[in-house]
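I opened this model to look up a chain contact, a sheet and a domain division. My entries follow.

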Amino acid sequence: MSETAIIRATNLVKWFGEGEARTVAVKHVSFEASYGEMLYIVGPSGSGKTTLLSIISGILRPNEGSVVVENQDIWKMNDDELADLRLNKIGFVFQDYHLFPRLTTVENVAIPLILKKMEWNQAMKLARDYLDIVGLKDRAELQPVKLSGGEQQRVAIARAIAGKPDLLIFDEPTASLDGDTGRKIVEFVKSNILNEKRAIIIVTHDSRIYEFADRIMKMEDGKIVGYETNHFNEK
Amino acid sequence: MKPLSGIYRIALKLLMNDKSKFTALLVGITFAVFLMVMMMSMFSGILARSCAPVYNIGAKVWVMDPAVNNTNSSIPMPDYILSASRSIPGVKYAVPLYFGSALLKLKDGTYQAATVVGLDDSTLFGRPEMIEGRIEDIFAENAFVVVKDAEFAKLENPKIGTEFEINDNRATVVGIAKAASSGLFGVPTLYTTYNRAITYIPSARFTTSYVLIEPKSEADVPGIQRAIAKLGYEALTRDQFVKKVANFYTFKTGVGMNIMMMTAISFVVGLSISGQTFYTFILENIGKFGAMKAIGAKGNELIAMILAQAFVTSLIGYGLGVGAASTFIIIAKWRIPDYAAQLTNQTLGLALVMVMIIAGFSSYIGVRKVLQIQPFDIFRG
């Protein structure tokens, strides 16, 4: 594992079902992502992107292979240790945001802090700060349903970074947004959320946002079929 | 830091901010608690009233025919039982008690059924507490003491000096007494002496309804019971007699079974409404719970959230249900003097246990669902 790598996946294999019904979703996949890097995983539907994302984020156990995050082999951990890893090291932005509609925006953002057992008022104060980062401080007391899709996406980003994770994982971040909003969100993430102590992995179909990637990993039929480096973004 | 306190707060906000679901849950549990408490209070009131004479007369040991199963269906015993009781070692004293029904002809010519209690002439053992008049006046000619309870008005609110007829005998009210508890059958109660009772009221060959025994000490009671049993009769302590009457109404009449069924139906109603509503609530939020799992929530934290939601809702519903039932009972007793329901600690405790079962059931189905959801399902949509 190179010194700059935050995550290293080695020879990952994942299948579903048994016997004739067995489908291999991920076939001997190995890759690394480095601090300060925005890595895209792209490919057609059914290529194994989401399965790979779940494996590297400690959600889905692979049948073979290992995932090392900051020098810890995560698939040697038990369920509680994995939950702690996700809480402390990994931030998620889901395709459908999965914000609680009955909580206010600031309460949604505070969830990782609450899970870290932070005292309520302190968690709310910090959550407001994160909402400020994504430009939604004035929306703190609104319920998510009263926000636009782009704003909800920003709330989800604020929630993802609230736990100060080193690795951020975005699942189809632009799928529910119009093209312009999607671009703005990813541009915002690139310039405000990504830093040299953090890596971002984005699973997407959306070629309109490829320009923001540092590296694009292409998948087909469960395998990596190539990489593309975006030289415009080289630092 | 306060471990889990924020988790509970989030859990309760999730539930309470969903006003329609929260209201439906509260209404369901409140309604179920109200019905359960009402049913059990009614049963408790009926049992208390069925045992009213046992409490009001207050004897420590009651001798009766073994076939007696409630106070009102006493079977007269021969006089030798009284004599035999007095000769049992450990008996301080034993007195006869007459307990029977009579038809009273009131001044306006109408008839009213009443319970007549005939107290031992020499001791007046089991006499009631007087409100008006003196108990000694019970020895006066035709004297009767009327109990001022919920049925008092049925005798046209008599005063000292009021007269009526019992079996063509003149009866005069010489005092008004109070009783700790009213009887079950909705008839007024009159006290007189034993000898007057058996003279005024037509009776069979034997006249002693019960023999009341005062033991020298508690330790003498088992010996007295064995001696009475040898005579072919039964001696019961006050608590045993109360239990016997309660068992009779609970298991040998339809009262216990019917009320138990109604209570069970109320329980099932509460269980289904709250279970179904809570399940729907969990289903609507299942994706979010999955997302929380993905973010890093542990299984025990999610369980704690769901338990907090179910138990807090159940306790609020319990409070509202008990409040509604208490208010109903107070108003009903104020408007209907005969209303028997009484709220006891046992009723409240039993209702709380049932509510906890409802909460446990609701949380169980919620917990099962939430533990089944895998964060991977969230990614797959």
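I began with the contact: 29 residues come from chain A and 28 residues from chain B. I counted two residues as in contact if their C-beta atoms, placed from the backbone, lie within 7 Å. This is a predicted model: local features need pLDDT of at least 70, side-chain atom pairs count only at pLDDT 80 or more, and totals for chains, interfaces and linings use all residues. Residues are numbered from 1 along each chain as its sequence is written, while chains are lettered from A and ligands numbered from 1 in the order in which they are written.

Next I checked which helices of chain A touch chain B. α1 (49-56), α2 (79-89), α3 (105-115) and α4 (120-133) of chain A each give at least two residues to that side. Helices (H or I, at least four residues) and strands (E, at least two) are DSSP runs, numbered from the N terminus.

Then I turned to the sheet in chain A. It is open, with 4 strands in the order β2-β1-β4-β5 and antiparallel pairing. Two strands pair if DSSP finds at least two bridges between them. I found β2 (23-34) and β5 (72-73) of chain A at the edges, each pairing on one side only. α1(A) packs on this sheet and touches β1 (5-16), β2 and β4 of chain A.

β4 (residues 64-69) of chain A joins β5(A) over 2 antiparallel bridges. V69(A) has Q72(A) of β5(A) as its bridge partner.

Last, I looked at chain B. It has domain 1 (5-49 + 254-380) and domain 2 (78-232), with bounds from an automatic or database domain assignment. The C-alpha centres of domain 1 and domain 2 of chain B lie 48 Å apart.

Key
Axes fitted to C-alpha atoms, helices over the stretch in contact; angles between N-to-C directions.
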